[in-house]
Amino acid sequence: MLICVTHRLLCPDDFLARLSRIAAQRPHAIVLREKDLSEAEYEALARECLAICRRYDVPLNVNTHIEVARRIGCGGVHLPFRLLMEQRDALGDFARVGVSLHAPEEAAQLAGTPATYVQAGHVFPTDCKAGVPPRGLSFLRSVCQATRLPVFGIGGMTAARYPAVRETGAAGVCIMSGLMTRQNVADTMRPFV
């Protein structure tokens, strides 16, 4: 399984056209990351992305902006661990609640929260975290063992690495830069969907 994480500034072409091509391949979900935008800018973009995702029946998860997700009628959010724990009692209206975490100890604390999936990383070296050592497959395995939720590894994910990722118990992967930069998104996604 594959979750696409967006970063429109990496796109060499039109971001919304690329998102349409990604959604057409039916990933498990799309997380609209776009951390550089103001809330108003993010909301405007999220509305456009939600329309694209609905056209292809692909879930969109709004990153961090809980109230934006409510205003636009989006059924999913993706949150950092700290924000999930702070808002845990106020997220019952979302069908999907993803959480990014960086320690197996955090995964062990997810029981009883509204989290529906985990994004864990970064697993392999990646340009997005240049100079930061990857956590590796043993980290990913520890996260998978610490929670019953589906875990998706992120960071340096490739088709060649996918079998080793799955052997850790992970449900799938999250890919950002590969889907934002490569010309043929269908070829990039095919091994994962």
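Strands here are DSSP runs of E with at least two residues, helices are runs of H or I with at least four residues, and both are numbered from the N terminus; two strands pair if DSSP finds at least two bridges between them.

Residues are numbered from 1 along each chain as its sequence is written, and side-chain values use heavy atoms, with hydrogens and water left out. Because the model is predicted, local features need pLDDT of at least 70 and side-chain atom pairs count only at pLDDT 80 or more, while totals for chains, interfaces and linings use all residues.

## Strands β6 and β7

Strand β6 (residues 117-121) runs parallel to strand β7 (residues 151-154), and 4 bridges join them. Among the residues involved, Gly-121 has Ile-154 in β7 as its bridge partner.

Within β7, Val-151 and Gly-153 point one way, whereas Phe-152 and Ile-154 point the other way, and all are buried (under 20% relative accessible area, with exposed meaning over 50% and partly exposed in between, for a 1.4 Å probe and protein chains only).

Axes are lines fitted to C-alpha atoms, for helices over the stretch in contact, and angles run from 0 to 180 degrees between N-to-C directions.

Helix α1 (residues 15-24) packs against α2 at an angle of about 30°, with the two axes 9 Å apart. The two helices are therefore roughly parallel to each other, a term for angles under 35 degrees. On the α1 side Phe-15, Leu-16, Leu-19, Ser-20, Ala-23 and Ala-24 meet Leu-45, Glu-48, Cys-49, Ile-52, Arg-55 and Tyr-56 of α2, where contact means heavy atoms within 4.5 Å.

## Arg-54

Arg-54 has its place in helix α2, and it counts as exposed because its relative accessibility is 54%. Leaving aside residues up to four places away in sequence, Arg-54 touches Ile-72 and Gly-73. The C-alpha atoms of Arg-54 and Ile-30 are separated by 11 Å, and these residues are 24 residues apart along the chain.

Note on methods:
Parallel < 35°, antiparallel > 145°, perpendicular 65-115°, else oblique.
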